[in-house]
Amino acid sequence: MVLGGENTLSGSAPTANGHVKESNGFIPHSNGHVPQYKDDKIKKMSQESFEPVPLLVACLTYLGYGMLVLFGYFRDFLRKSGVETTHSTIERKKMKDFVPLYQSFESFYTRNLYTRIRDCWNRPICSVPSAEFDVSERVSDDGNWHLRLTGKSRRCVNLGSYNYLGFAENKGPCADAAAEALQQYGAGVCSTRQELGNYRIHEELEETTARFLGVEDAVTFGMGFATNSMNIPALMGGKGCLILSDELNHASLVLGARLCSTVIKVFKHNDIEDVERKLREAIINGQPRTHRAWRKILIIVEGIYSMEGSIIKLPDFIRLKKKYGAYLYLDEAHSVGALGETGRGVTEYWGVDPRDVDIMMGTFTKSFGAAGGYIAGSKRLINHLRAYSHSTTYACSMSAPVAQQVISSMKIIMGEDGTNRGQLRIKQLAANSKYFRQRLVEMGFIVYGNDDSPIVPVLLYMPAKIAAFSRELYQQNVGVVVVGFPATPLVESRARFCLSAAHTREMLDKVLDAISDVGDRLQLKYSLNSPVKAVSAEECYSQVDSLAHKA
Amino acid sequence: MAVEDVMVEPWYMMQMVQAFLQAPVYHIVIEVLLIVWIIGLLFSKSYRIQERVQLTEKEKEDLLAEWKPEPLVPDTPEDHPALHPRVVSGKAGLKVVVDGKECLNLATLNFLGMLGNKRIEKAANTALYKYGVGSCGPRGFYGTVDVHLDLEDKLAKYTRTEEAILYAYGFATIASAIPAYSKRGDIVFCDEGACFAIQKGLLASRSKVVYFKHNDMEDLERLLKEQAKDDKKNPKKAAVTRRFVLVEGIYMNYGDIVPLPKLVELKYKYKVRIFIEESASFGVLGDNGRGVTEHFGVPIEDIDLISANMEMSLASIGGFCCGDSFVIDHQRLSGQGYCFSASLPPMLSVAASEALRIMEEKPGIFEELRTRCQWLHAKLSSIPGLKVCGEPISPIMHLQLAAPSSRAEDTKKLETMCNECMNQGVALTVARYLEQEEHLVPPPSIRVAVNVELTEDDIDHATAVITNVAKMVL
Ligand SMILES: Cc1ncc(COP(=O)(O)O)c(C=O)c1O
Ligand SMILES: Cc1ncc(COP(=O)(O)O)c(C=O)c1O
């Protein structure tokens with residue numbers, strides 16, 4: 001078994017990613033070996049690592065879950081026989097003749113696994129989620145069934161919030177502009193875009209977004225999730241359409257596709273060969289049963305995958321969609337602002353024309369420190385959505401101060417405020433991401449994803465370590481996100497670090513020390529790859545330093 | 001984040017494991033034999049359902065080359081109203097500046113005048129300078145801010161329920177809540193006049209949907225009886241089929257009120273759970289604005305789930321569900337719009353909190369609102385050529401044509417009326433629907449919204465303008 005093989009776009013030798021098909025088969029995403037890129041730079045850009053789980057670790061992980069399930073049954077038995085008190089809520093007596101609202105096997109996992117470690121999620125904060133934040137302390141009096149706030153809080157370094165460019169700020173020009181918009185328009189809107197909820201500020205936001213992305217027009221919505229779930233149906237309505245969707249696509253994309261009542265096919269994550277195969281098959285065979293030709297085919301992908309830290313191989317997808325006549329829907333929730341020399345997202349990262357992507361979608365939640373989402377593209381597309389989107393017709397428009405936050409931050413990124421502060425943020429984020437990831441790799445953690453991704457997933461595998469990792473780092477004043485089953489495959493529990501331009505190198509150094517320490521104690525440095533020396537911090541931060549000098 | 005298919009998988013696995021443990025031994029032996037037999041069949045080669053057509057490479061390439069997709073989207077008609085929206089500059093309070101002209105506002109759903117309230121703005125402003133704008137994460141991942149917990153507490157206390165859960169978007173509230181409970185195989189009895197968000201929630205749930213006639217409890221009972229008959233035939237299936245009734249407190253599309261007491265009676269008789277979407281009735285009906293339950297004096301415990309958005313009476317953004325913890329808490333791991341989306345910007349949460357506090361302090365406001373609704377309803381009813389649809393105490397009224405002709409023509413007439421009223425200083429809007437996608441498109445109408453700050457003079461003025469315009473256009 002080729003342990004530690006790296007999946008790279010350029011991997012021309014078939015053995016390079018042979019590990020994907022290894023007996024353990026735990027890795028769901030194979031990165032097919034694809035077209036040879038001649039360009040060295042591109043080769044480097046598509047460098048993505050998904051080191052497979054070491055066999056022993058996999059066995060122990062399964063064993064861990066097995067124990068938890070056994071204990072779960074045992075405790076369920078104890079609860080049933082009244083030895084252990086039950087803390088879960090029960091339904092009113094009046095409802096006892098009704099069909100139960102939940103089935104007991106549904107709640108088995110929540111009751112016996114999630115509850116034990118629920119303190120690792122939903123931690124309340126009581127400050128702005130910038131580079132550092134105040135996390136409220138909670139305690140449980142009943143074995144983690146209920147968590148009570150103690151009233152105290154802990155100042156932690158924030159590696160959990162999606163604050164890529166550091167615009168989560170409670171002072172400065174963006175906040176001031178938002179306050180002004182609040183004065184002018186109020187907080188709510190109380191109407192839809194098509195009725196009386198079309199504010200001047202919404203139009204300004206859309207003009208700015210279109211300009212920022214370099215496309216003809218854009219339309220914006222109050223929620224990123226709803227941008228997907230309420231607009232895909234307006235594009236792929238009716239019978240005879242086919243949606244090809246990446247297996248790791250976000251829930252909102254899956255929901256949007258499902259609401260179309262069309263055929264949905266799922267392809268392997270970021271696997272261009274699989275897409276091509278499915279696309280060819282679909283066109284050749286036509287619709288199921290009738291074999292009539294498809295009316296249109298839409299490929300749905302994301303820019304950066306937030307659980308993997310992988311970056312979409314956009315040039316390949318564009319080549320394919322052009323070759324076969326499919327349409328491409330690109331969700332840039334995590335990549336807009338965070339990738340590219342000037343923050344224009346994954347199109348700029350690969351140097352492709354944004355107009356080659358039919359539907360550019362993204363959210364304002366992450367890089368812009370606001371909320372909501374946009375769809376951008378041709379005038380014709382946007383006109384259609386203005387008229388037929390579920391959201392413009394039925395949902396309340398975006399709050400004005402939130403819209404203003406996006407406008408202000410976008411202008412800073414574009415340098416329209418007359419400074420290079422936006423540029424500096426972009427460079428700082430890139431340097432932070434690179435530095436942080438490389439140091440983790442150097443320490444021997446198994447780190448997933450692309451070198452340029454600001455999302456850095458570190459594999460934890462074992463269920464007990466999920467909680468231990470999160471709690472230990474919390475004790476050392478670091479707030480991290482850990483994710484396990486069912487949000488990831490069973491054996492691929494992980495911690496996910498989100499870098500931000502607001503982080504300083506000193507902060508990251510402190511955090512890295514803490515992580516290394518916890519990693520040693522929990523034996524998390526699983527990597528079997530030969531150790532790689534990290535690029536020096538000076539090199540990582542050289543661009544930032546030179547830019548900062550200029551300022 | 002992982003696809004929600006992954007979320008669904010464990011339950012099936014668990015189910016399989018359980019089924020396996022419970023199965024008797026002979027059963028397992030037979031199944032194993034069956035499997036061996038099937039595998040044998042598969043490998044016996046003689047068996048082939050259908051000769052597959054084998055295309056040559058050339059034929060395949062031709063098919064690929066020949067395929068021409070439809071355009072991604074058709075051209076939108078140049079005169080579609082959405083392409084020429086009215087532009088609001090400034091606050092949409094009782095007065096609103098539309099396309100540069102100041103109008104009396106009868107279009108935005110700002111029933112309690114909370115939009116434009118100084119106290120709310122001040123509170124939101126303070127929150128903005130404490131928390132920033134966005135929350136930068138879903139509730140699970142550091143997107144829970146203390147003000148969210150505070151608002152959830154307040155909402156639960158206000159509605160006198162055990163728990164409330166916040167969503168960041170009004171539409172997503174009920175649309176996420178429904179599929180959290182009702183799954184494939186379950187049955188939902190839904191009012192055919194239900195709003196679009198409910199329809200989309202139902203579609204996402206993949207449950208069987210049975211529509212009953214709008215606000216017709218007899219029709220509902222008839223359908224429930226039919227279902228009960230079917231259940232008798234197949235008691236095994238009936239024992240695992242959850243049943244729900246979905247209604248609105250005040251119907252957004254009709255302005256009438258659900259006959260709740262009768263519905264609660266049916267609930268216990270036929271064992272169906274009641275979900276109410278109360279966006280237009282929360283902060284409107286009842287002595288304390290608690291909604292349709294308070295209006296009828298029905299104990300709120302008899303309702304399984306209440307959902308409302310905070311984009312009307314509370315004049316903020318987002319929505320909430322409330323009810324027993326047993327029910328509501330489930331959404332914290334299963335409400336898609338809750339789990340997989342960034343939480344509500346803290347300042348908007350604070351704005352809603354403050355609006356709720358004002359409601360608490362001024363319980364008289366609801367009676368005032370209803371009085372205004374009744375005035376306006378009476379006045380509008382007297383306009384020749386138009387018909388008012390909705391209860392007199394509903395802050396949403398639909399002005400329809402008394403003598404309708406074709407849908408397109410009627411819409412055009414109403415559209416013209418709105419424009420003309422606007423010229424004369426009264427802002428109105430036609431209720432917009434996606435006609436192709438609605439389960440049942442309501443008749444074309446002007447949706448009039450009542451603001452508690454309307455004076456008698458305002459109402460007289462508005463009525464005079466609408467009467468004039470109606471005379472001119474109709
Ligand atoms: C790929 C993707 N799309 C959409 C969304 C939803 O965005 P929002 O949080 O603004 O609703 C997310 C958020 O996590 C996401 O990761
Ligand atoms: C074990 C476990 N249970 C449940 C969840 C879901 O938690 P939340 O809804 O807070 O994201 C997760 C998170 O990914 C998890 O790892």
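A salt bridge is taken here as a side-chain nitrogen of Lys or Arg within 4 Å of a carboxyl oxygen of Asp or Glu. The structure is a predicted model, in which local features need pLDDT of at least 70 and side-chain atom pairs count only at pLDDT 80 or more, while totals for chains, interfaces and linings use all residues. Residues are numbered from 1 along each chain as its sequence is written, chains are lettered from A in the order in which they are written, and side-chain values use heavy atoms, with hydrogens and water left out.

Over all chains, 71 salt bridges are found. In one of them A:E308 pairs with A:R494, the closest N and O atoms lying 2.9 Å apart. This pair links distant parts of the chain, since A:E308 is in the loop between strand 7 (296-302) and helix 10 (314-324) of chain A and A:R494 is in strand 15 (residues 493-498), 186 residues apart; helices (H or I, at least four residues) and strands (E, at least two) are DSSP runs, numbered from the N terminus. Both A:E308 and A:R494 are buried, where buried means under 20% relative accessible area, exposed over 50%, and partly exposed in between (1.4 Å probe, protein chains only).

A further salt bridge joins A:E169 and A:R425 at 3.1 Å, N to O. A:E169 lies in the loop between strand 3 and helix 4 of chain A and A:R425 in helix 15 (residues 421-443), so the pair ties together parts that are 256 residues apart in sequence. A:E169 is partly exposed, with a relative accessible area of 25%, whereas A:R425 is buried at 17%.

Between chain B and chain A, the contact (heavy atoms within 4.5 Å) takes 125 residues from chain B and 127 residues from chain A. The buried area, that is, the accessible area (1.4 Å probe) that two parts lose on being put together, summed over both, is about 11400 Å², of which carbon and sulfur atoms give 64%. B:W67, B:L72 and B:Y142 supply 9% of the area that chain B buries against chain A, more than any other three residues.

The two chains are also joined by 9 salt bridges, including that of A:E91 with B:R273, whose closest N and O atoms are 2.7 Å apart. Within chain B, B:R273 forms a salt bridge with B:D304 as well, with the closest N and O atoms 3.6 Å apart. B:D304 counts as buried at 6% relative accessibility, and B:R273 likewise at 2%.
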